[in-house]
Amino acid sequence: MTQLLVFGERDDAEEVAETLGEWFPGLGVPRVVRETLAGEDDAEDAQWLVVVEGLDHEALGKVDELVERYDGWREAG
C-alpha cells in the first residue's frame, strides 16, 4: 500500500526520504513531490509529500516516529 508522508517544509521531506532510503535500502530513496491544493492561491502553503510503497506494519511504526520528529504525518495513499 502506498503511504504519503506529509510535511510543511521541503528540507524536512527530503531529509526523511533520505533517512528512509538508508533504513530500507530495498525500497530505494522515496520520491519527494509537492502537493498544491486545488484552488490554492499561495504556492508557499503547498505541502511536501514523501511517497513510500512496500512497508510492512512493523516498519510503519518506525516511520511514524520519524515523521513526528519533523512535525509531519502519514496518510494512506
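## Contacts and overall fold

Let's start with how the chain holds together: among its contacts with a separation of 6 or more, 63% join residues 24 or more positions apart. Please keep in mind that this is a predicted model.

Two helices and four strands make up the secondary structure, and they follow the order β-α-β-β-α-β along the sequence.

## Burial and surface

Of the 77 residues in the chain, 34% are buried. The exposed surface comes to about 5,000 Å², with carbon and sulfur atoms supplying 43% of that area.

## Helix α1

Helix α1 covers residues 10-23, which is 14 residues. From its first C-alpha to its last, α1 reaches 20 Å, close to the 20 Å expected at 1.5 Å a residue.

The buried residues in α1 are A13, V16, A17, T19, L20 and G21. An α-helix has 3.6 residues a turn, so residues three or four places apart point the same way.

## A glycine in the last loop

Now for G72, which sits in the loop between α2 and β4 (73-76). Because its relative accessible area is 13%, under the 20% cut-off, G72 counts as buried.

Leaving out residues up to four places away in sequence, G72 touches V6, F7 and V67. A13 is itself one of the buried residues of α1.

Technical notes
Residues numbered from 1 in each chain as written. Predicted model: local features only at pLDDT ≥ 70, side-chain atom pairs only at ≥ 80, totals over all residues. Heavy atoms only, no water. Buried < 20%, exposed > 50% of the residue type's maximum accessible area, 1.4 Å probe, protein only. Contact = heavy atoms within 4.5 Å. Areas by Shrake-Rupley, 256 points an atom, 1.4 Å probe, with all protein chains shown as cover. Expected span 1.5 Å × (residues − 1).
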